[in-house]
Amino acid sequence: MRYTIQSIKYVFKNFFYIFPLALLPALFLSFSLDKDAISRVLTSYFTGEPSASFPDIFRAVSIFNFRSLKAFFAGLAGVVLMVLCTALIFAFVEKHMRIGKRTFSGIFSKLNDNLISTCGICLLYVLLYEVWALITSALLFLVMIPETVGVVYVLSVIVFFGMHFVLLYIVSIFYLWLPCLQIAGFRAFEALRYSYQLVSPVKKNIVFGQWISVTLAEVLLGLCSLFVPGRVAGFALATVSYALMTAIFCVRMQVVYFDRAQLERADLKRYYHF
């Protein structure tokens with residue numbers, strides 16, 4: 001949790017610099033969110049009749065949930081903008097942590113260096129998540145087939161949280177791949193190997209911290225789908241949730257990298273006043 005707490009503090013301390021960069025992709029990802037499918041799945045689950053169709057479960061967890069053509073293209077636009085905004089967040093945070101300057105100057109020119117690597121890693125994350133969403137949806141659908149309600153509840157909890165740990169464990173394997181490419185300047189394979197070496201001693205810390213963040217975000221989105229009336233309020237809350245998740249995830253990469261690579265963080269020095 002140490003890295004997660006440090007990342008949250010950094011995000012809120014630099015809120016007006018980082019949050020706007022994470023807001024644009026969050027808007028499109030929120031539009032692709034299928035609030036009705038989430039509501040149907042959770043309502044059936046918490047009313048003592050845990051049953052749901054596979055399409056509803058998949059639409060509740062997938063970025064590309066295919067409920068409509070507009071929602072699909074909103075998710076696609078969200079992914080494209082996520083690549084661009086992640087590259088900008090990384091450029092800003094790296095500059096701030098390395099030299100202590102908290103400005104937007106120069107971060108757009110940095111795109112020439114880090115956009116391709118950011119695109120590759122982001123697409124890898126999206127592919128990994130969508131495969132995970134498909135498998136998790138299929139497993140949840142299967143465990144809801146038994147007629148014994150108690151068995152369904154036990155198996156669904158095991159599958160849901162177990163698959164989260166599987167996803168986050170896989171992510172942790174190449175968690176620092178992007179910083180190792182952009183900051184250390186290694187080639188792809190060397191950067192991946194170096195990332196694994198840096199992460200290995202703190203892998204449990206990273207997985208647990210991310211699990212807490214993801215779980216809180218999912219609880220918020222679930223409560224929003226169930227209890228927040230109207231689409232505008234639900235859309236706004238989902239947008240804020242996605243933006244904060246994006247900002248914390250990106251910042252945490254840099255926080256972990258600077259700590260594990262034993263690099264001094266200039267942003268922590270009080271004599272900088274930028």
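This is a predicted model: local features need pLDDT of at least 70, side-chain atom pairs count only at pLDDT 80 or more; totals for chains, interfaces and linings use all residues.

Visitor: Is Leu-127 buried or exposed?
Guide: Exposed, because its relative accessibility is 56% and the cut-off for exposed is over 50%.

Visitor: Which residues make a nonpolar surface patch with Leu-127?
Guide: Val-131, Leu-134, Ile-135, Leu-139, Phe-141, Leu-142 and Ile-145. With Leu-127, they make a patch of about 700 Å².

Visitor: New topic. Where is Phe-58?
Guide: In helix H4, residues 54–61. Phe-58 is buried, at 13% relative accessible area.

Visitor: What is Phe-58 in contact with, leaving aside neighbours within four places in sequence?
Guide: Phe-64, Phe-66, Glu-130, Ala-133, Leu-134 and Ser-137. Leu-134 is also one of the residues in the nonpolar surface patch.

Visitor: On to H9. How many residues does it have?
Guide: 12, running 188–199. From first C-alpha to last, H9 reaches 16 Å, close to the expected 16 Å.

Visitor: Which residues of H9 are buried?
Guide: Ala-191, Ser-195, Leu-198 and Val-199. Down the axis of H9, the buried residues fall within an arc of 90 degrees, so they line one face of the helix.

Visitor: Why would residues spaced along a helix point the same way?
Guide: An α-helix has 3.6 residues a turn, so residues three or four places apart point the same way.

Visitor: What do the buried residues of H9 pack against?
Guide: Helices H7 (149–173), H8 (177–182), H10 (203–227) and H11 (231–260).

Definitions and conventions: Residues are numbered from 1 along each chain as its sequence is written. Side-chain values use heavy atoms; hydrogens and water are left out. Patches are made of residues with over 30% relative accessible area and no salt bridge: like charges are joined within 9 Å, nonpolar side chains (Val, Leu, Ile, Met, Phe, Trp, Tyr) within 5 Å. Accessible areas come from the Shrake-Rupley method with a 1.4 Å probe; for residues, only the protein chains shown count as cover. A salt bridge is a side-chain nitrogen of Lys or Arg within 4 Å of a carboxyl oxygen of Asp or Glu. Buried means under 20% relative accessible area, exposed over 50%, partly exposed in between (1.4 Å probe, protein chains only). Helices (H or I, at least four residues) and strands (E, at least two) are DSSP runs, numbered from the N terminus. The expected span of a helix is 1.5 Å times one less than its number of residues. The arc is that of the directions from the helix axis to the C-beta atoms. Contact means heavy atoms within 4.5 Å.
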